[in-house]
Amino acid sequence: MKEKLTVLGSGVGVHGLPYQKELRYPPGYLLEKDGIRILLDCSEGMDTRLTSLGIDYGSIHTVFISHFHPDHFQVANLVFSSALKRRHENKSPLKMRIIGPIGLEKNFWAIWNMWWKSSPNSIFGTLADLEFVELSDKDTNRLNDQAKLTGYSVWHDHGKATALAVKIEFGDGFIFSYSGDSSVCDGLVEAATNANIFLCEASVHIGEDKTKESGHLNPFQAGQVAAQSGVGNLWLTHYWGKDKEKQMIDEVRKGGFKDNVHIARDFDVLPLK
Ligand SMILES: [Zn+2]
Ligand SMILES: [Zn+2]
């Protein structure tokens with residue numbers, strides 16, 4: 001299967017609660033289509049998870065970061081392990097394009113410089129060729145001749161987070177959208193509009209509303225956004241594991257979404273169609 005999404009983490013940033021019956025890692029999704037291979041969000045331990053699936057984490061060259069919360073933004077760790085792995089394998093230095101919200105480069109180096117007091121090159125030799133692409137609302141970055149990625153500002157964390165949802169448009173017209181962490185807002189609807197597949201967070205428990213607080217969606221709201229946006233397939237993710245899958249799907253239906261719904265699980269490999 002060439003065109004697929006591998007779910008590396010369908011959970012949130014908190015684990016081991018009594019009602020969490022299975023381990024779900026924090027976010028990370030590997031999207032592969034038409035020669036494009038992009039990691040969408042990068043929580044801790046991404047290198048370990050990719051390795052456990054037989055995927056060479058040193059070969060990830062494009063990463064999208066939705067925002068700077070710790071369950072999404074541990075890409076400095078991936079850069080460190082990838083660059084060293086490549087060096088141990090006598091491969092060329094790591095080349096990585098990291099795409100994310102305004103502040104990405106400054107925040108990356110703040111973490112890196114906390115660890116290391118010297119530049120990467122002086123510690124490790126020629127280590128990495130990093131390109132930072134910072135997107136404002138509706139900014140676009142070309143992934144190749146055919147495909148482009150557009151970021152949409154979304155409301156998250158009491159409106160204080162600089163957060164993006166993303167739409168990736170491929171040359172054949174296929175659209176993949178991802179919410180990152182978001183409340184119900186215009187940016188999220190725009191990002192999801194006409195998506196063949198909309199990977200959407202649903203981290204709020206059924207019956208709760210965090211619209212104006214942490215700025216997350218419950219399954220009902222995810223269904224509403226998907227219906228409003230004309231989405232083909234809705235894949236829910238970033239959930240705590242408290243609500244039953246059937247209840248979540250029922251809520252999506254109540255929100256007005258009638259098409260295909262899937263509740264993502266860790267290590268799902270989902271065809272893009
Ligand atoms: Zn967040
Ligand atoms: Zn999150």
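What follows is a chat about the sheets, helices and core of a predicted model.

User: Let's start with the sheet that holds β1. What's the strand order there?

Analyst: The order is β6-β5-β4-β3-β2-β1-β14, in an open sheet of seven strands with mixed pairing. Its edge strands are β6 (128-135) and β14 (269-271), and each of these pairs on one side only. From one strand to the next, the twist averages 20°.

User: How do β1 and β2 run, parallel or antiparallel?

Analyst: Antiparallel, with five bridges joining β1 (residues 4-9) to β2 (residues 28-33). For one bridge you can look up, threonine 6 has leucine 30 in β2 as its partner.

User: And which strands does α2 lie across?

Analyst: Helix α2 (residues 75-88) lies across β3 (36-42), β4 (62-64), β5 (94-101) and β6, and it runs at about 170° to β5. Helix α3 (residues 104-115) packs on the sheet too, touching β5 and β6, and its direction makes about 135° with that of β6.

User: Staying with α2, how far does it reach from its first C-alpha to its last?

Analyst: It reaches 20 Å with 14 residues, close to the 20 Å expected at 1.5 Å a residue. Just after α2, asparagine 90 takes a positive phi of about 55°.

User: Which residues of α2 are buried?

Analyst: Val75, Ala76, Leu78, Val79, Phe80, Ser82, Ala83 and Arg86.

User: OK, the largest nonpolar core. How many residues does it have, and which have the most contacts inside it?

Analyst: It has 73 residues, and those with the most contacts inside it are Val75, Phe198, Cys200, Leu234 and Leu236. Helix α2 gives the most to this core, with six residues. As a general point, nonpolar side chains tend to be buried together in soluble globular proteins.

User: What is leucine 234 in contact with, leaving aside neighbours within four places in sequence?

Analyst: Leucine 234 is in contact with Phe198, Cys200, Ala222, Ala226, Val252, Phe257 and Val261. Two of those, Phe198 and Cys200, are also named among the core residues with the most contacts.

User: Switching to the sheet with β12 in it. What's the order, and which strands are at the edges?

Analyst: That one is also an open sheet of seven strands with mixed pairing, in the order β7-β8-β9-β10-β11-β12-β13. The edges are β7 (140-142) and β13, each pairing on one side only. Neighbouring strands here are turned by 20° against each other on average, direction ignored.

User: In which sense do β12 and β13 pair?

Analyst: In the parallel sense, over four bridges. Asparagine 233 has asparagine 260 in β13 as its bridge partner.

User: What do α6 and α7 lie across?

Analyst: Helix α6 lies across β11 (197-201) and β12, running at about 150° to β11. Helix α7 lies across β12 and β13, running at about 145° to β13.

User: Which residues of α7 are buried, and why do they line one face?

Analyst: The buried ones in α7 (residues 245-254) are Met248, Glu251 and Val252. Seen down the axis of α7, they fall within an arc of 105°, so they line one face of the helix. An α-helix has 3.6 residues a turn, so residues three or four places apart point the same way.

User: What do those buried residues pack against?

Analyst: They pack against α6 (219-229), β12 (233-237) and β13 (260-263). Just after α7 comes glycine 256, with a positive phi of about 105°.

Conventions:
Residues numbered from 1 in each chain as written. Chains lettered and ligands numbered in written order. Predicted model: local features only at pLDDT ≥ 70, side-chain atom pairs only at ≥ 80, totals over all residues. Pairing = 2+ DSSP bridges. Helix = DSSP H or I, 4+ residues; strand = E, 2+ residues; numbered from the N terminus. Axes fitted to C-alpha atoms, helices over the stretch in contact; angles between N-to-C directions. Contact = placed C-beta atoms within 7 Å. Buried ≥ 20, exposed ≤ 12 C-beta atoms within 10 Å, placed from the backbone. Arc of directions from axis to C-beta. Expected span 1.5 Å × (residues − 1). Core = buried A, V, L, I, M, F, W, Y, C linked by C-beta atoms within 7 Å.
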